[in-house]
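Let's take a walk through this one together. Have the chain open in your viewer and follow along.

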Amino acid sequence: MIKRNCIGIVAAVLFVSISLSGQSPASYKAPRTPWGDPDLQGIWNGNDLQGIPFQRAESVGTRGVLNDEEYRQRVAARDRLVETDNVDFDLENAEKFESFGAVGGPVSPPPHWLERSRNVSRQASFLIDPPDGRLPPMTPEAQQRQQAQRDAQAARRAVLNGREADTYTDRSLYDRCVSLGPLGSLTPKIYNSGNRIVQGPGWVAFTNEMIHETRIIPTDGRANLSSNIVSWMGNSVGHWEGDTLVVVTRHVRPEINFQGSSLSEQGRLIERFTRVADGTLEYRMTVEDPKNWTRSWTMMMVLPRDDRYGFYEYACHEGNYTMFNILSGARAQEKTTEER
């Protein structure tokens, strides 16, 4: 029995390793659209990828998948979150509230807000290159720029003197429902982790459910737009390499963060979308930016096609009472202080 269990564990880990690599049998050919392009259409949901860190724990080393004990710990963490979701916390026992998954502060959100993972992935980290799953060092220039940003933030906190915000610019782009950019909109959150692909002859539309941004990606061979035109999601153009859609994105606004740095005018994102034999969509993003990073780095997500969760309008601006309440509360607090 012990020998049989060990064989089963080894086989399971090997299967997970193969499936995470996105490998398909040589005979596999992705389904085609009526006009002959690989058919990537559908809703590809990242909910079950919750819990995967962007960078790999150093203890995992170069392993792309978790061992059994590490996997059990990740499952237990998911179970604790589900249990926490269903407990009404108040400020008196806020120390019990886990920071991962918190919405709006120490009071637990109602469970119907959340879309927790039903399955738990063994993928060790989204970052797969460098092989240790850790970000490469930033260039000296980027480190100096990063330090200048930290200094500016510290100076701003000193001016606020404990207040939440003095103006809307004191809040993040996420708080303001503006944009998370190509990378932040894709990685799974506590809800709205769907990604939808719609195709037509010569174009692909890629929509992220989080903040609900859509990129219309031409596949007719045109070049990226001029660097004079920047946007939150950048400018994307694509082409087909066999069954893989390759998308090159440039000119992302400098406010968008890519794991510690914005994308410079020299930088580009190379995305690869490949439909795999097991019914999943393998997505890879390589960041090439010699002005910010000492080498390129690549992240990967294996997204199942899954319509169980649906695909909903984010409507963040329409329901964003947080910004109004934070700023109006700050003004009321100031008035009370002045009257004293």
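Where is the place of H212? Look in the loop between strand 4 (203-208) and strand 5 (213-218), with helices (H or I, at least four residues) and strands (E, at least two) taken as DSSP runs and numbered from the N terminus. H212 isn't a glycine, yet its phi is positive, about 65°. Its relative accessible area is 29%, so H212 is partly exposed; the scale here is buried under 20%, exposed over 50% and partly exposed in between, with a 1.4 Å probe and protein chains only.

Before going on, some ground rules: this is a predicted model, where local features need pLDDT of at least 70, side-chain atom pairs count only at pLDDT 80 or more, and totals for chains, interfaces and linings use all residues. Residues are numbered from 1 along each chain as its sequence is written, and side-chain values use heavy atoms, with hydrogens and water left out.

H251 is another non-glycine residue with a positive phi, near 60°. H251 sits in the loop between strand 7 (244-250) and strand 8, and with a relative accessible area of 13% it is buried. P130 belongs to the loop between strand 2 (127-129) and helix 3.

Zooming out, the chain has five helices and 10 strands. Of its 340 residues, 45% are buried. Take the contacts (heavy atoms within 4.5 Å) between residues at least 6 apart in sequence: 63% of them join residues at least 24 apart.

Now for the cysteines. Searching the whole structure turns up one disulfide, defined as a pair of cysteine sulfur atoms within 2.5 Å. The partners are C177 and C316, with S to S at 1.8 Å. They tie together distant parts of the chain, 139 residues apart: C177 is in the loop between helix 3 (140-160) and helix 4 (181-184), and C316 is in the loop between strand 10 and helix 5. The torsion about their S-S bond is about -55°, so the disulfide is left-handed. Both C177 and C316 are buried.

N320 is found in the loop between strand 10 (297-304) and helix 5. Once neighbours within four places in sequence are set aside, N320 is in contact with D175, R176 and C177. N320 counts as buried because its relative accessibility is 18%.

From there, move on to helix 5 itself. Its 19 residues (321-339) should span 27 Å at 1.5 Å a residue, and the end C-alpha atoms are 27 Å apart, so the two agree; the expected span is 1.5 Å times one less than the number of residues. Which residues of helix 5 are buried? They are M323, I326, L327 and A330. These cover an arc of only 85° around the axis, so they fall on the same side of helix 5, the arc being that of the directions from the helix axis to the C-beta atoms. On the face turned away from that buried side, helix 5 carries the exposed residues Y321, F324, K335 and E339.

Last stop: D278, in the loop between strand 8 (268-275) and strand 9 (280-288). D278 and P25 are 253 residues apart in sequence, but 10.0 Å apart in space, C-alpha to C-alpha. At 46% relative accessibility, D278 counts as partly exposed.
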